[in-house]
Each structure stands twice: as structure tokens, then as C-alpha cells.
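Subject: Handing over the structure

Dear colleague,

I am passing on the structure that you will be looking at next. Please have it open while you read the notes below.

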Amino acid sequence: MASAYMQDSVWLQQRKFEDAEAFYQKVKSGTQDVGAPAQKAGPSGQKTETSSIKNEIAQARQHIQNVLRSGGSSGAGASPAPSGGGDSTVRIENLEKENKELRHSVDEMKALVQKLEGRVRVLEGGSGSAPAASAAAAKAPVKAVPAAAAGDDDDEDNEIDLFGSSSEDEEEKEKQEKIKQARVKAYYEKKAKKPALIAKSNVILDVKPYDDETDMKEVEDKLRTITQDGLRWCAAKLVPMAYGIKKLQISIVIEDDKVSVEDLIEKITDNFEDQVQSVDIAAFNKL
């Protein structure tokens, strides 16, 4: 019987080797001491893993409590406070120091302003003993200043003429209004005298005859007989076309608001239809 088991490939000590492997892995990870006895694992080692996790959580909680206690305690054995608390203390001390310096500067400025106010009052009073009065005003308490100022205000109120000031203001307003109206009138008169900009154009017309027997010099003279406000005839010349026929190229200057080129061309073709075949615009330029 024993020889039969020895001949079969059966691992009778598997559990023992698995426990040894689990113990080795724990020692390697640092969760198990080497001298401590290995805990017998369950079917899949779940109890051992659960206990190790609980131990780690307990250690973390204890560490947090130690840190909180060390931060709040002030005894000799307590750990030093965090750097953030020290920085806040230094900042508060610096702010208090700056506050004291600012208060001191404000007090000095108040004293200087009081001295300057006393000197100004002495200068406005125009008294002969200005230096003595200024020294007295500088040494005088601040509470005495409002009383003197109140007395000056009472004197000024007594000197005000309630009925005369309104009439003087009205007269001054009337003078200013007259000056304003005169300036506006002069501006518009100057603007009216200034000549307005007239839009003009330079147009070159090509006047074409029926045949070569047409006297183009006569045609030019007839064209110049056309007169109109804003129309000025300029230079003219004969330009060869073909078969001995020449066209008349004449330049005119017109005012755009007064003369229409289309109306002028229509007038030329209607008045001189026996000699003029057509009129074309060769060039049109604004002046």
C-alpha cells in the first residue's frame, strides 16, 4: 500500500509549503517579523491579510493623533510647531510694527497741517506782527481755530449784499451773451464770403463727319457758337481717321452742376445733323 503511494506523483505536504511561502512574502514586505511565529493561514490566506491591513490603519490613526497633539501642545517634550504657524506669527508682528509707524507718521502730518493752517491765517489777516502771530498760532491749541474761523464767517456774512449780487450777475451774463452772439455772427459772415468749391470736369469730344467733303473748320466755328452758363470751349484739332476723312477733336471745360455732357451732345447732333454724323466722348477727367 505504501509502495503504491510512493509510486504515485502525489504532493502530501502542499499546505506546509504554501504557509512557508506566505510567511516569506510577509517578511520580505516588512509586515511580519522574522522571529515571530507564522500565523496559520486559512484556506486562501484572507485572515492574515485582513489583520495586516487593520494594523496599518491603526498605525496611521495613531500617527495622525500624535501629529495633532504635538502641534497643539507647548511642553518641553512636544515636537516643534509647523513652519506655517511661525510665519503667521512673524507676519502679525510685522503688521503691528507697520501700523505703529503709520500712526506715528499720521500724527506728524496732522501737527504739520495745523502749523501751516495757522501761518495761512496770519498771512491772510495781513497784520503787522506776522512772525509773532504765526508763532502764536502754531502754539495755540487746535480747538481755538474753529472759533476764529466762525468769527470770520460771521463778518463775511454781514458784508454780503443779497440784493446787489443778483443784478451784477445778470449784467455780466448779458455782456457774455452779447459777446457770444457777435462772435457767432462774425463767423457766419466770414463763412458766407468764402467762395464755395465748384466741381468742374475736362471733357474731350470726338466730332465725326459724314464724308471727306465736310468742312471741319466750319463745324468747329458752329460748335463754338453754342453758349451756356458753365460751358467753356477750349483747344481743338483735326485727327485723321480713314479714306481721307478727319474727325474734329475738341476739348471743353464744364461745371458739373450746370452742364450735362449728354444734353450737349444731343444739342450738337440736332443742330448740325447735316454735317455731324456722331459725337463721342474721348476722355472725361475731373478737375
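This is a predicted model: local features need pLDDT of at least 70, side-chain atom pairs count only at pLDDT 80 or more; totals for chains, interfaces and linings use all residues.

Residues are numbered from 1 along each chain as its sequence is written, and side-chain values use heavy atoms, with hydrogens and water left out.

The sheet is open and has 4 strands in the order 2-3-1-4, with antiparallel pairing. Strand 2 (231-242) and strand 4 (276-286) each have a single partner strand and stand at the edges, so one side of each lacks a neighbour in the sheet. On average, neighbouring strands of this sheet are turned by 20° against each other, direction ignored. Helices (H or I, at least four residues) and strands (E, at least two) are DSSP runs numbered from the N terminus, and two strands pair if DSSP finds at least two bridges between them.

Strand 1 (residues 200-209) pairs with strand 3 (residues 245-255) in the antiparallel sense over 8 bridges; here Ile204 stands opposite Ser251, and Val207 stands opposite Leu248. Strand 1 also pairs with strand 4, again in the antiparallel sense, over 9 bridges, and Ser201 has Lys286 of strand 4 as its bridge partner.

Helix 9 (residues 261-271) packs on this sheet, touching strand 1, strand 2, strand 3 and strand 4, and its direction makes about 160° with that of strand 4. Such angles run from 0 to 180 degrees between N-to-C directions, the axes being lines fitted to C-alpha atoms, for helices over the stretch in contact.

Glu220 lies in helix 8 (residues 216-224) and counts as buried, at 12% relative accessibility. Buried means under 20% relative accessible area, exposed over 50%, and partly exposed in between (1.4 Å probe, protein chains only). Leaving aside neighbours within four places in sequence, Glu220 is in contact (heavy atoms within 4.5 Å) with Ala236 and Leu248.

Finally, Leu116, which is placed in helix 4 (residues 83-125), is partly exposed, with a relative accessible area of 43%.

With kind regards
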